[in-house]
Amino acid sequence: MNKRIFLSPPFVDKAERSEVELAFDSGYIAPCGPKVDAFERALAKLSTRKYAVAVSSATAALELILTHLKVDKSWIAIVPTLTFIATVSSACRLGAEPWFVDSDSSGNIDLALLEKALSDAAKTGRKILFIAVDLYGRCNNYDKIAKLCRKYKAKFVCDSAEAVGATYNGRSSGSSGLASVYSFNGNKLITTSGGGAILTDDKKLADHVKKLSQQSRENVLWYEHKEIGYNFRMSNLLAALGLAQLSKMDVILKAKKRNREFYIKCAEGTKLEFLPPIEGENNWLTIMLLKNSRERDSLIKLFEEENIETRPVWKPMHLQKVFNGCRVYGGKVSESLFSRGICLPSGAGLTDIDLKRIAKVISKFAISAK
Ligand SMILES: *Cc1c(COP(=O)(O)O)cnc(C)c1O
């Protein structure tokens, strides 16, 4: 059997190993330590924010921001339906009512439907949270969203978990809203094996989420607490790994772009399509669009026979059993993207031999699907 090609494996080598070893040898095995501070400074710079707080995951990052905002059952949380569940799970855990909004053909949220949802939510008199998602590393039009959120007095948070290194209109992912989050999970653009960050310009928010992430300890000699916190801080060892990853981000972005361009070339002269390009996208995963779910499933199966991992696009939240009966604006576009979309292998470490194996499957499929 050929070696397995994974969807989006970590791109690490000796550089990461030696950074982690150096951190280990420095004695800072605990959370806190110089690497966490350095990683945060680098993340603030990357996102063009004043503050970055490194935590254990993007899920934790969202939970901390929403806890700071005091989100509870009096809130409505508007989120795109086409996303990973972590976008909305913290809002739900804290008691907010989720309202889902469809995508446009780019995969990101449909702004006209978003405005409809915001205006309906404003009429209820309840507090409103909007969490945008830079889907598959493709940024939203932050200015338009910020304007809508101001108009309807909604708090704007951005889930840029998939969009590390992406830009839009000259702005960095992570630069928008009250706060944004990044993920450094193993399959994301860069990884700390598991990790995330909060990016913000709001000092109060930054200080509070950092404190919340460390059991809400007061700054005194003994353990003094005035509120309930979490144990969500990133460890020094993982921050060392993150710093090494950040220093090769340009290489990763280039490789991801090469992957996408390769796939587009493969599909030339066939009926295979892709999500339309968005300026500044990080090409975290390349998404191919087929005619229907039958074609999607048969292509995934063909890949699997060659020991190549692919995956359908996110299943929309409004189709998930756990969200049965929740309000949804539109839904047909995300349903279509789910049934037609397939995430192609997009690792930064794909070799020419790997790409040839993948191309062979695509051309075999294109011939059979004609
Ligand atoms: C991966 C992902 C998350 C969660 O990130 P973790 O670091 O694994 O908690 C949140 N939102 C989106 C859109 C993601 O893709």
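Two residues are in contact here when heavy atoms lie within 4.5 Å. Helices (H or I, at least four residues) and strands (E, at least two) are DSSP runs, numbered from the N terminus. You're looking at a predicted model, where local features need pLDDT of at least 70 and side-chain atom pairs count only at pLDDT 80 or more, while totals for chains, interfaces and linings use all residues. Residues are numbered from 1 along each chain as its sequence is written, and side-chain values use heavy atoms, with hydrogens and water left out.

**Stop 1: helices 3 and 4**

Select residues 58–68 (helix 3) and 86–93 (helix 4). Their axes, lines fitted to C-alpha atoms over the stretch in contact, with angles from 0 to 180 degrees between N-to-C directions, come within 9 Å and cross at roughly 40°. That makes the two helices oblique (under 35 degrees is roughly parallel, over 145 roughly antiparallel, 65 to 115 roughly perpendicular, and the rest oblique). Now show the side chains: T59, L62, E63 and L66 of helix 3 meet A86, T87, S89, S90, A91 and R93 of helix 4.

**Stop 2: helices 2 and 8**

Next, pick residues 34–47 (helix 2) and 236–246 (helix 8), whose axes come within 8 Å and cross at roughly 40°. Helix 2 and helix 8 are therefore oblique too. On the helix 2 side, the contact includes P34, F39 and L46, and on the helix 8 side N236, G242 and L246 are among the partners.

**Stop 3: a ring pair**

The structure holds 10 aromatic pairs. For a cluster, select F84, Y136, W284 and W314.

**Stop 4: A54**

Finally, click A54 in strand 1 (residues 51–55). A54 is buried, with a relative accessible area of 0%. Leaving aside residues up to four places away in sequence, A54 touches V36, F39, E40, G196, A197, R233 and M234. Then try T124: A54 and T124 are 70 residues apart in sequence and 36 Å apart in space, C-alpha to C-alpha.

Definitions and conventions:
Rings of Phe, Tyr and Trp (its six-membered ring) pair if their centres lie within 6.5 Å; planes under 30 degrees apart count as stacked, over 60 as edge-to-face and the rest as tilted. Buried means under 20% relative accessible area, exposed over 50%, partly exposed in between (1.4 Å probe, protein chains only).
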